[in-house]
Amino acid sequence: MMRFVNVGDVGFMQGLADAADALTGDGWGRGDLTVELKSDGSPTTAIDLAVEAKLRDLIRQRFPADGFVGEEVGTTDGSSERQWIVDGIDGTTAFVQGRPEWSTLVSLVEDDQVVAGLTSSPALRRRWSGVVGRGAEVVTVDGQSHPIEVSAHPLLDGARIGSWPHPSSVADRF
């Protein structure tokens, strides 16, 4: 049975994003990052690993029974019905190239249902979050919160689709 996320969980997610932003801020656009290709051909860096390891440790300290899945560091099983899913740097190519189209992704899954998610994009000076039963918002660097929602437009004809980054910029340039 799914329960709603409590306010403490939401605040904790914001703290996880703060910790990730501190680590990624030290490396973004440095130009001297070592890039390794994973078995699927996608890039990773030591900062990707450091972010996930740090967030896994913070989660284990606060919620020792919860599970953890990281794109880079793998799975740590838990004994509760909750699991945190993290991508330390989503958009590693952009991160390494000094482009702002990257972020840290954190979600909380309970009873196999996503109940909260957060995207922190410090280079774009934005955070997006959504919580089941509470809606979604974007928070700007000045601390202003603005609700966001799915378009009420009922037809695909006339709808808009956004792509981040622009498709023309998605080329390996290592």
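The model is predicted, so local features need pLDDT of at least 70 and side-chain atom pairs count only at pLDDT 80 or more, while totals for chains, interfaces and linings use all residues. Residues are numbered from 1 along each chain as its sequence is written, and side-chain values use heavy atoms, without hydrogens and water.

**Stop 1: the core.** Select L16, L55, W84, F95 and V106. Of the 25 residues in the largest nonpolar core, these touch the most other members. Such a core is a set of buried Ala, Val, Leu, Ile, Met, Phe, Trp, Tyr and Cys residues joined through side-chain atoms within 4.5 Å. Buried means under 20% relative accessible area, exposed over 50%, partly exposed in between (1.4 Å probe, protein chains only).

Now colour by element. At least two core residues come from each of α1 (7-27), α2 (46-62), β5 (82-90), α3 (92-97), β6 (103-110) and β7 (113-121). α1 gives the most, six residues. Helices (H or I, at least four residues) and strands (E, at least two) are DSSP runs, numbered from the N terminus.

**Stop 2: V106.** Show its contacts (heavy atoms within 4.5 Å). Beyond four places in sequence, V106 meets M13, L16, L55, W84, I85, V86, A116, G117 and L118.

**Stop 3: G91.** Go to the loop between β5 and α3, where G91 lies. G91 is partly exposed, at 29% relative accessible area. Leaving out residues up to four places away in sequence, G91 touches E101 and W102. The C-alpha atoms of G91 and W102 are 4.5 Å apart, with the two residues 11 apart along the chain.

**Stop 4: E101.** Finish in the loop between α3 and β6, which holds E101. E101 counts as buried because its relative accessibility is 19%.
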